[in-house]
Structure formats: C-alpha cells, structure tokens
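Have a look at the sequence and the model below.

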Amino acid sequence: MLSRTAENLFWIGRFTERAESMARMLEMGYRMALMPATGAGHRNEWRSIVAGAGGEAAFSEKHDSINQRIVCEYLIFDPDNPSSIHSCLRNARENGRAVRAAITSEMWMALNETWIDLQDMNAAQLAGGGLPTFLDWMKGASAQFRGATESSLLRNEGYDFLRLGSFIERADNTARLLDVKYYVLLPASETVGGGVDNYQWTTLLRALSSLRAFHHIYRSEYTPWSIADFLILNRHFPRSLLYSYSQIGEHLTQLSRRYGQRSLSLSATNMQIARLADCTAADIFSEGLHEFLTTFIRQNAALSDSIAGDYHFGWS
C-alpha cells in the first residue's frame with residue numbers, strides 16, 4: 001500500500017472519530033450547564049469544554065466572551081478551527097475522495113451524505129433546544145460510517161490504518177473528557193461527593209455511552225476512583241484507555257506481520273499497554289489524575305507521530 005493511501009485512511013479514522021468526540025464533549029458541557037450550581041468549579045462549563053478540546057488559546061484570539069452559543073459555533077461550524085465538526089467532516093470527506101478506490105461505496109456514501117447534510121445546518125438551528133438533536137445526529141452519522149466500515153471493508157492493511165486512527169483519537173477523547181470533569185470542573189471541596197458532583201460523573205458516563213456498562217460493574221458507586229478505573233483500566237469497555245490501546249496494539253501487530261518488520265510504534269504501544277495493565281486506580285491517584293492524563297495525552301500524540309514515521313506518512 002502506498003504511504004499516501006495509508007495516511008489518508010489513518011486520517012479518515014481520526015477525523016470521523018474526532019467529529020463524534022466533539023459531539024460527545026459538547027453533550028457533556030450542555031448537560032452540566034443545566035445544573036445551576038455547576039459554575040463554582042475551577043472553571044465554568046463552556047470554558048472547560050473549550051479547554052478540554054485543546055483550543056482555548058485559539059478560541060481566546062477570536063472571542064472575548066464565552067457562552068453556549070459562541071462555543072457551539074466555534075466547535076461545530078467554525079471552518080478555521082481544525083477540530084470543529086465542520087473541519088473534521090470536510091477533511092474526512094477529502095481524504096476519502098483521495099482514496100476512493102481503497103474504501104467501499106457504503107463508506108463513501110456515509111462520508112459524503114453526512115457532509116452534504118451538514119451544509120443545510122447552521123448555528124441558528126441550535127437555539128431553542130436544537131443542540132441535543134444535532135449532537136444525536138452527529139453521533140448517529142459517525143455510527144453509520146463505522147457500521148459501513150465494519151460490514152463492508154476488507155480486513156487488509158487499509159482497515160488496520162483506518163482503525164489505528166480511530167483508536168488513537170478515541171483514547172485522546174476519553175482522556176480529555178475525564179480530565180475536564182476531574183480537574184477543569186473540579187468542584188469546591190464541600191461539594192465533592194454531593195449531588196452536583198454525582199450529576200457531573202453521570203454526565204461524563206453518558207457522554208461516553210458508558211452509563212449502563214458502568215452500572216453493570218459498579219452499580220451506583222460514583223467515586224473518582226471507580227470511574228477512573230472503569231474509563232482508564234477496564235479491559236472490556238470499548239472507550240477505555242486500556243481497551244483502545246489493546247486495539248492499537250492488535251492493528252500494529254497485523255501491520256508488522258504484513259510487512260515483516262516490527263515497528264517502533266508497536267514497541268511504544270506494548271509499553272503503554274503494560275503500564276496500564278499493571279496500574280491500579282490507587283496508583284493513578286497517587287501520581288495525580290490530572291498529571292496522569294496529561295502525560296497520557298502527550299504520549300498518545302507522540303505515538304501518532306511515531307506511526308506516521310514508521311509508515312512514511314507524508315511521502316509520495
């Protein structure tokens with residue numbers, strides 16, 4: 001496979017997952033903002049979402065104030081924001097068009113129709129309760145593309161590169177959402193464990209489509225330790241950090257077998273898997289959850305760069 005094709009597929013995976021992740025992050029902010037007392041944390045809800053999305057500096061350069069309308073316009077429709085839903089869907093479609101022969105017609109239709117549908121939407125439609133409807137649409141469109149991929153794409157190296165991008169992005173999103181709740185929206189000490197705090201934890205779980213799965217294991221034990229353990233260390237939940245990295249490891253292993261060469265990125269992935277597998281929630285909180293997540297996000301970005309180097313992304 002040409003390195004250019006591999007790169008396009010990798011970024012289709014990243015951009016489609018990022019569009020869905022941005023919808024999940026906005027859903028979390030919207031639900032938290034419904035609570036009248038939630039602005040008393042380290043930062044208010046909407047500033048926290050911008051910070052969690054990694055765009056606080058760029059946002060501040062364009063906007064002097066912050067509220068739901070402005071944040072939604074920036075994170076959904078702003079073409080100058082490289083992580084906005086608009087930019088992600090545009091870039092996913094452009095990458096898909098560049099490798100039209102490497103993806104199936106079902107995958108292309110899902111990408112193209114989602115982009116076309118977005119052209120008929122605008123920020124004004126999000127007012128008056130329209131935001132949840134839009135976010136559900138975005139998550140559904142992402143699920144449609146994922147379903148088309150799983151049901152129609154040959155399990156060759158193209159599939160491996162596409163899913164690598166998806167799980168790199170998914171791990172980043174889970175870490176960022178967890179960090180928004182625990183650090184950026186950290187409530188005052190007297191409210192930890194109270195009604196507002198528990199509502200924020202359940203909101204985080206809902207944003208990651210994990211509330212029912214969490215209940216299956218922990219019931220209603222909404223503690224930082226149990227939720228961190230679930231979202232970071234659970235081997236079976238498909239959005240946990242450990243599960244995401246186990247999938248990254250599997251796809252890198254497949255690529256190493258196909259090309260007959262063990263990559264540096266596979267070695268780095270196995271080291272991260274071993275670290276997570278040997279870790280406990282107590283270890284994480286001893287280090288500091290924010291510090292742990294910040295380190296993970298940085299290492300996850302470095303792994304993405306390592307994959308690009310191993311497979312010569314950017315080459316003709």
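His 312 sits in the segment that follows α15. This is a predicted model, and in it His 312 has a positive phi of about 60° even though it isn't a glycine.

You'll find Ser 209 in the loop between α9 (195–207) and α10 (211–218). Its relative accessibility is 48%, so Ser 209 counts as partly exposed.

Here are those two residues side by side:

Now back to α15 and its partner. How do helix α13 and helix α15 cross? The axes of α13 (residues 264–277) and α15 (residues 289–310) come within 8 Å, and they cross at roughly 155°. That makes α13 roughly antiparallel to α15, because angles over 145 degrees get that label. The crossing of α13 past α15 is left-handed.

Which residues make the contact? On the α13 side they are Leu 264, Ser 265, Ala 268, Thr 269, Gln 272, Arg 275 and Leu 276. On the α15 side they are Phe 292, Thr 295, Phe 296, Gln 299, Leu 303, Ser 306, Ile 307 and Asp 310. Sort the residues of this α13–α15 contact by type and you get 7 nonpolar, 6 polar and 2 charged.

Key:
Residues are numbered from 1 along each chain as its sequence is written. This is a predicted model: local features need pLDDT of at least 70, side-chain atom pairs count only at pLDDT 80 or more; totals for chains, interfaces and linings use all residues. Side-chain values use heavy atoms; hydrogens and water are left out. Axes are lines fitted to C-alpha atoms, for helices over the stretch in contact, and angles run from 0 to 180 degrees between N-to-C directions. Helices (H or I, at least four residues) and strands (E, at least two) are DSSP runs, numbered from the N terminus. Angles under 35 degrees count as roughly parallel, over 145 as roughly antiparallel, 65 to 115 as roughly perpendicular and the rest as oblique. A crossing is left-handed if the near helix is turned anticlockwise from the far one by less than a right angle, and right-handed if clockwise. Contact means heavy atoms within 4.5 Å. Ala, Val, Leu, Ile, Met, Phe, Trp, Tyr, Cys and Pro count as nonpolar, Asp, Glu, Lys and Arg as charged, and the others, Gly among them, as polar. Buried means under 20% relative accessible area, exposed over 50%, partly exposed in between (1.4 Å probe, protein chains only).
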